[in-house]
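Hello,

Here is the structure you are taking over. Please look through it first; my notes on what was found follow below.

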Amino acid sequence: MSAERVLIIGGRIENVRKAVEQGLGVVYLQQPGQFTPEHAKLVDAAFLVDFADWSVVEPVVTAAHKVYGFTRVATTGEAGVEVAGRINDLLGLGGVSHKVARRLRDKLSMREHLARVGAPTVPAAEVTDRAALEAFGAAHGYPFIVKPVDGIASLGVQLVRGPGEVGAAWDLVRELRSSEHQFVQYFPLDRFIAEAYVDGPEFSVEAFTFEGRHVVVAVTEKLTDANFVEAGHVIPARIDADAERALEAAAVEFLDAVGVTHGPTHTELRLSPDGPRVIESHNRPGGDRIRDLVEEAYGFDMEAYTVAWPCPGLPAPAGRPPLVRAAATRFLTAEPGVVSRIEGVDAARALEGVVELAVQVSAGDEVAALRSSWDRIGQVIAVGADADAALATCDEVCASTVVVTGEGAAGAAGAAAGTGR
C-alpha cells in the first residue's frame with residue numbers, strides 16, 4: 001500500500017485509477033451498489049455508505065483517518081462537495097471548507113454573500129409562495145428566473161416573462177416540490193429562488209486553484225435549448241480575445257469573493273450587454289464530460305489534478321496550457337416514448353474526429369420528455385482543427401444516430417426528433 005493516501009468520495013472509476021497512477025493509495029467512500037471488482041483491485045479500503053448522511057459519514061471517516069491517515073479529500077461530483085468540505089473541517093485537512101462549498105451549492109446564500117462583500121451580482125430572493133414571485137417581479141422587473149436553490153442538471157429552471165406567467169411558474173414550483181427524481185437524496189426540490197434574468201450567450205470558465213492562485217484552463221461555450229437544458233459544449237469558446245479576458249477576470253473575481261482557495265472550479269456565466277455576470281459556480285470539475293473536453297483541447301487532466309494534486313507528476317502550471325486542438329460535445333435526444341430501434345451508431349463512431357459516442361438507451365427503454373440534463377439519452381465527443389470543425393462532426397454524428405420511439409408514422413416522427421440537438 002502507498003504511504004500517502006487520498007480519500008475519494010463517489011465519482012467514476014477514472015477518479016480512482018488516476019490517483020493510483022500518481023502513486024497515491026485510495027480510501028474510497030461510495031454508495032452501496034456502486035462498488036465494482038475493479039474498485040476492489042485498486043483501493044486500499046472502501047466504505048460503502050450513504051455519503052449524503054453526515055451522521056453516518058462522520059464516525060466512519062474519523063475511524064478511517066486514524067487507521068489509514070489520508071492527507072486530502074477529493075470529489076469530482078456535486079453530491080460530494082459538501083461532504084468533502086465537512087471532512088476537511090473535521091480533520092483539519094485544508095482544502096475547501098464546508099462553509100465555502102455550501103455557499104456555492106446554495107444559490108441564495110451565494111447571492112447574499114456577494115451582495116454583502118460588494119462583489120458583482122444580481123437581485124435574488126427566496127420563493128415561498130406565489131406572492132413572493134409577484135413581489136419579486138414588481139420590485140425587480142421582468143423577465144426573471146425561478147429555480148431550485150441547490151438544484152443541478154437544469155431541472156426546474158424557468159423563465160417568467162411577465163405577470164401573466166407568475167401563476168404557471170408557481171404551479172410548477174409546487175409540482176416539483178411534491179415530485180421525486182433519481183437523485184432526490186442529494187438534490188431535494190424543496191427551496192426555490194427568484195433572481196434577475198441575465199441576457200446574453202452562456203459560457204463556463206474551467207479553472208484550478210493552486211494554494212490561492214487561480215489558473216484558468218479553458219473557457220467553454222455552452223449551447224442550450226429553450227428550457228435551459230444544455231445541448232452541447234465547445235472548447236475553445238468562439239469569442240474574441242476581449243470577451244474571453246472579461247469572462248476570465250469575472251470568474252477569478254468571483255472565486256476570490258466566495259473564498260475558493262484550492263482545487264477545481266466550474267463557473268457558469270452569461271456575457272450580458274453590461275459585461276459578464278456569474279450565474280452559478282461549483283468547486284468541482286464541470287459535468288457533461290467537460291473535464292474530458294479540457295483534456296482533449298489543452299492536455300490538462302482536470303480529474304487527475306482534482307484527486308492527486310499536489311504530487312510530483314502534476315506540476316502547477318504558470319498559466320493556461322497551449323491549445324492542442326478544439327473539442328466539442330453534443331447530446332442525443334428523442335421524442336418521448338418507448339425505444340423501438342437505434343440506427344447508425346457504428347457508422348457514426350467510425351467518423352473522423354469522433355472520440356466517443358455513448359448511447360444510454362436500448363430497445364424497450366422509456367424516453368422521458370426533456371426537462372433536465374438527466375433526460376438526455378446519449379452523448380458524442382469529437383475533436384477538430386477548430387471549434388467549428390469539432391461541432392460539425394458532433395452534428396454529423398447526431399444526424400446519423402437515430403433513436404426511434406414508437407412505430408409507423410409515430411416512429412418516423414420520433415426518428416426525426418431523435419437526432420441530437
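This is a predicted model: local features need pLDDT of at least 70, side-chain atom pairs count only at pLDDT 80 or more; totals for chains, interfaces and linings use all residues.

**The parallel sheet**

Strand E1 (residues 5-9) and strand E4 run parallel and are joined by three bridges.

E1 and E4 belong to an open sheet of four strands with parallel pairing, in the order E3-E2-E1-E4. At the edges are strand E3 (45-48) and strand E4 (72-74), each of which pairs on one side only. On average, and with direction ignored, neighbouring strands of this sheet are turned by 20° against each other. As background, the strands of a sheet pair through backbone hydrogen bonds, either parallel or antiparallel.

Two helices pack on this sheet. Helix H3 (residues 54-68) touches E1, strand E2 (25-30) and E3, and its direction makes about 175° with that of E3. Helix H4 (residues 81-91) touches E1 and E4, and its direction makes about 145° with that of E1.

**The nonpolar cores**

Which residues touch the most other members of the largest nonpolar core? Of its 32 residues, they are Ile-8, Val-26, Ile-235 and Phe-300. Among the elements that give two or more residues to this core are E1, helix H1 (13-21), E2, helix H10 (290-298) and helix H11 (302-308). Leaving aside neighbours within four places in sequence, Ile-8 has contacts that include Asn-15, Val-16, Ala-19, Val-26, Ala-74 and Val-307. There is also a second, separate core of 24 residues, and it includes Leu-104, Val-216, Ala-250 and Ala-251.

**Val-20**

Val-20 lies in helix H1. Apart from neighbours within four places in sequence, Val-20 is in contact with Val-26 and Leu-42. The C-alpha atoms of Val-20 and Ala-308 are 8.6 Å apart, although 288 residues separate them along the chain.

**Helices H6 and H9**

Helix H6 (residues 107-117) packs against helix H9 (residues 241-258) at an angle of about 90°, and their axes are 10 Å apart. The two helices are therefore roughly perpendicular to each other. H6 contributes Met-110, His-113, Leu-114 and Val-117 to the contact, while H9 contributes Phe-254, Ala-257 and Val-258. By class, six of the residues in this contact are nonpolar, one is polar and none is charged.

Regards

Definitions and conventions
Residues are numbered from 1 along each chain as its sequence is written. Side-chain values use heavy atoms; hydrogens and water are left out. Axes are lines fitted to C-alpha atoms, for helices over the stretch in contact, and angles run from 0 to 180 degrees between N-to-C directions. Angles under 35 degrees count as roughly parallel, over 145 as roughly antiparallel, 65 to 115 as roughly perpendicular and the rest as oblique. Contact means heavy atoms within 4.5 Å. Ala, Val, Leu, Ile, Met, Phe, Trp, Tyr, Cys and Pro count as nonpolar, Asp, Glu, Lys and Arg as charged, and the others, Gly among them, as polar. Two strands pair if DSSP finds at least two bridges between them. A nonpolar core is a set of buried Ala, Val, Leu, Ile, Met, Phe, Trp, Tyr and Cys residues joined through side-chain atoms within 4.5 Å. Buried means under 20% relative accessible area, exposed over 50%, partly exposed in between (1.4 Å probe, protein chains only).
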